[in-house]
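Please examine the model below before reading the explanation that accompanies it.

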Amino acid sequence: MTYAPIERFEIARVLIRMTGVLSRNFGVLAVLALVLSGLPNLVVAIAERGLFSNLNAGLTGLFSLGWLFSLLINALLQGALIHGTISDLNGRRAGIGDCLNTAVRHVLPLIGIGIATTVASVLGVLLFIVPGVILALALCVSAPVRVVEGLGVFSSLGRSGDLTRNHRGAILLLFVLFGISFFIIQRLLFQLSGIATMIRWLFVAPLLQTVGALIGAAGVASIYFELRTIKEGIGIEALAAAFD
């Protein structure tokens, strides 16, 4: 059953929901983010800075496909963390294995969504930036739509556009708050670390990418739940039923 919208998008409610998920499942979600984001980014950073000079020639061809590698890792990470977030909202504790199984099951469509959203956003930016921002906001919950509702790539994109309609201003403000907070944390860590620039970029940067990926995926899943709730009256149990 669906209902007419009865509430407006509440940024505070999304933040409370997201922080609750992260605090209750920090161990599992942090391990997933570290394995699927932090460690791969560390390997890439080491290769890019030529620390293994005798392997540089062999790695050149490999990392020319870095964009595809990034899409794969991001797709797996999104799938895993979205599963963990939605499961928690249903009062369940998702294990690492359950999250990874969901990620693998949806990885190809999520890669397709990643490519489509990137292309659309870049084209929008080329059309004087504002259209790119609007497209990015419209498509921001495409990944949760795929994982929870099981729609195809283009259907997920369209569904995301429908869900975010009339709420993109609030979502933009939420993303701005995320961005400002992350920037402040980044600057503080870099300034207070007191370590060499090379070590800072090799270890602190991947750590920050892990934190950003963790918060980003949990945040997007929380936004998706907020939109389903206020626009359709869907409860938590209905979302989590996708994993049964």
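The paragraphs that follow treat confidence, backbone geometry and the surface in turn.

This is a predicted model, in which local features need pLDDT of at least 70, side-chain atom pairs count only at pLDDT 80 or more, and totals for chains, interfaces and linings use all residues. Residues are numbered from 1 along each chain as its sequence is written, and side-chain values use heavy atoms, leaving out hydrogens and water.

The mean pLDDT (the predictor's confidence in each residue, from 0 to 100) is 80 for the chain, and 77% of the residues reach at least 70. Among the helices (DSSP runs of H or I, at least four residues, numbered from the N terminus), α8 (residues 153-164) has the highest confidence, at 94, whereas α3 (residues 56-63) has the lowest, at a mean of 48. The pLDDT is below 50 over residues 52-63, a stretch with seven contacts beyond near neighbours in sequence; a contact means heavy atoms within 4.5 Å.

Helix α5 (residues 96-126) has a kink of about 60° at Val107, shortly before Pro109; the bend is the angle between axes fitted to the seven residues ending at a residue and the seven starting there. After α5 comes Phe128, with a positive phi near 75°. Asn166, in the loop between α8 and α9 (168-192), also has a positive phi, near 75°. Most residues other than glycine have a negative phi.

Methods: Helix = DSSP H or I, 4+ residues; strand = E, 2+ residues; numbered from the N terminus.
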